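Thanks for coming. I have one structure today and a few local points to go through. Please have the coordinates open.

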Amino acid sequence: MHRAMRTLLRLGPTALAAAVVAACSGGDPASTAANASGPLAGAGGQPIDWAAADSETIRHFQALVRMDTRDPPGIEKPAADYLVNALRAEGVEVQTYALEPNRPNVVARIKGNGSKRPLLILGHTDVVNIDTTKWKHGPFSAARDSGWIYGRGAVDDKDNVTASLMTMLLLKRQGITLDRDVIFLAESGEEGSTRVGIQFMVNQQFPAIDAEYCLAEGGSVTRVGGAVRYASVATTEKIPRAIALTAKGTSGHGSVPLEANAVLRISAAVAKFASWRPPVRLNETTREYFTRLATISPPERAARYRDIVSGNPARVAAADEYFRKNEPRHASMLRTSISPTIVNGGYRVNVIPSEATATLDVRMLPDDDSTAFLELVRKVVNDPNVDVSYARRDVRPGTPAASLSSEVFRAVEAATTSVYNTTTLPTMLTGATDMAYLRAKGMECYGIGPATDEEDGPLGYSAHSDQERILETELARFVRFQYELVKGIAAAKTAVERP
Ligand SMILES: [Zn+2]
């Protein structure tokens, strides 16, 4: 059982607020509250009552988790209506944009003085499907148990939606003077129907969300044994592609083996990827990621992270080999990677088929040359009877990484230090997010997220798992982080230094 789970009791709102304050660096409620309202010019008068804000966070979060927004079919309307009402009730300008009536996107805006271009914060209201039989607490129960809240979307992505909602409400209530507009987009369709969500907004409603920077899901804060270890901030991501292998052969009777058997040819082609090592190439994000990770890792692991950025071919190869066996996500971060995922061929036992196919899931480095990579794969297959070509896939655009020296990245690091007291790791995601569409429009996007326990993954509680949960204290702390971050980026006279 989880250590934190044993020690955390069911918390009422006041105890929850106290726990969150204690969890924040500084630990002193008075100084945290003072920081939150800030010494900035233009900041609103009264310090935020965080105890009240934390219980409000829980209330909005539970309400959103209780809405069945499974995608497919993806009926996000109740969640969208909820957000519209909550924002409008406090005078925040809000509008919906819908390609399909049941699947609206919500856009709220708090205006700044226009001296800087807007900041966009976003989250998605849809969730992935569920196997109801696997859930101890109902997937739409938002049940509170021993300090956790359970439900589909708890960490993907109703946490980000709730934090963005709270950030907007708090900015509005505090009357913070802003240098730039802050725009909140609650999008539909992220989980597989981006056509009604981000694609619709980017392609047909872009002026409503146009911004210089964006903050979205994709990052996380990792806790081990209940203690925060580091914060990952997504600054770039790999691009999903698919390569199809098609083997041709001679058909015939299974009783007479043929060397030109298409099943043998496709098998030999696929098997080559077991030992092939696509070339290693670092970029600004991954180089910085491994360099910083080395500074917070135990000596043996740290040595491997330093090896990977050493530029010494033997040391790189040894660390890569270790990653492939023991830290496969790190191996993927080093290169354009290939996972064979589908093999098809034949239809009955006594017929040698004339064709067999395989599909490779390719995750390209964002700046890789797709034509050259395909040529490389052809050389690896090295069989004129096997055709190698790109297959159809919902291709996200390849885009430059978000800068590690922008004012927003610096603000992320500052808020991470002040709220989580930990190291920020700029991260290249191996998977794909909606940020790719926004980066393609020239926005600099950073992926952020709340703290989760590393132990929760193997226990089956992470995003898309058969159960999903978040610690109440960490949800509340994430709201503080996001509020402080957004204020740091958008509040007037951001140059004022904190003591
Ligand atoms: Zn998500």
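Predicted model: local features only at pLDDT ≥ 70, side-chain atom pairs only at ≥ 80, totals over all residues.

Start with helix α15, residues 407–420. At 1.5 Å a residue, its 14 residues should span 20 Å, and the end C-alpha atoms are 19 Å apart, which agrees. Which residues of α15 are buried? They are V408, A411, V412, A415, T416, V419 and Y420. These cover an arc of only 135° around the axis, so they sit on the same side of α15. As a reminder, an α-helix has 3.6 residues a turn, so residues three or four places apart point the same way. What covers the buried residues of α15? The cover includes the strands β7 (213–216), β8 (220–224), β9 (227–237), β16 (423–429) and β17 (444–447), along with helix α18 (472–490).

N421 is not a glycine, yet its phi is positive, about 50°. This residue is in the loop between α15 and β16. N421 has 13 other C-beta atoms within 10 Å, so it is partly exposed.

H464 is a second case: its phi is positive, about 70°, and it is not a glycine either. H464 belongs to the loop between α17 (456–459) and β19 (469–471). With 13 C-beta neighbours inside 10 Å, H464 also counts as partly exposed.

Next, the helix packing around α4, residues 50–65. The axes of α4 and α6 (residues 158–174) come within 10 Å and cross at roughly 135°. That angle makes α4 oblique to α6. The crossing is right-handed. On the α4 side the contacts are A53, T57, H60, F61, L64 and V65; on the α6 side they are K158, V161, T162, L165, M166 and L170.

α4 also packs against α18, at an angle of about 110° and with the axes 10 Å apart.

Last, two cis peptide bonds. Where do they fall? One joins D71 and P72, with omega about 0°, and P72 is in the loop between α4 and α5 (77–88). Another runs from D156 to D157, with omega near 15°. D157 is placed in the loop between β5 (148–150) and α6.

That is what I have.

Technical notes
Residues numbered from 1 in each chain as written. Helix = DSSP H or I, 4+ residues; strand = E, 2+ residues; numbered from the N terminus. Expected span 1.5 Å × (residues − 1). Buried ≥ 20, exposed ≤ 12 C-beta atoms within 10 Å, placed from the backbone. Arc of directions from axis to C-beta. Contact = placed C-beta atoms within 7 Å. Axes fitted to C-alpha atoms, helices over the stretch in contact; angles between N-to-C directions. Parallel < 35°, antiparallel > 145°, perpendicular 65-115°, else oblique. Left-handed = near helix turned anticlockwise from the far one by under 90°.
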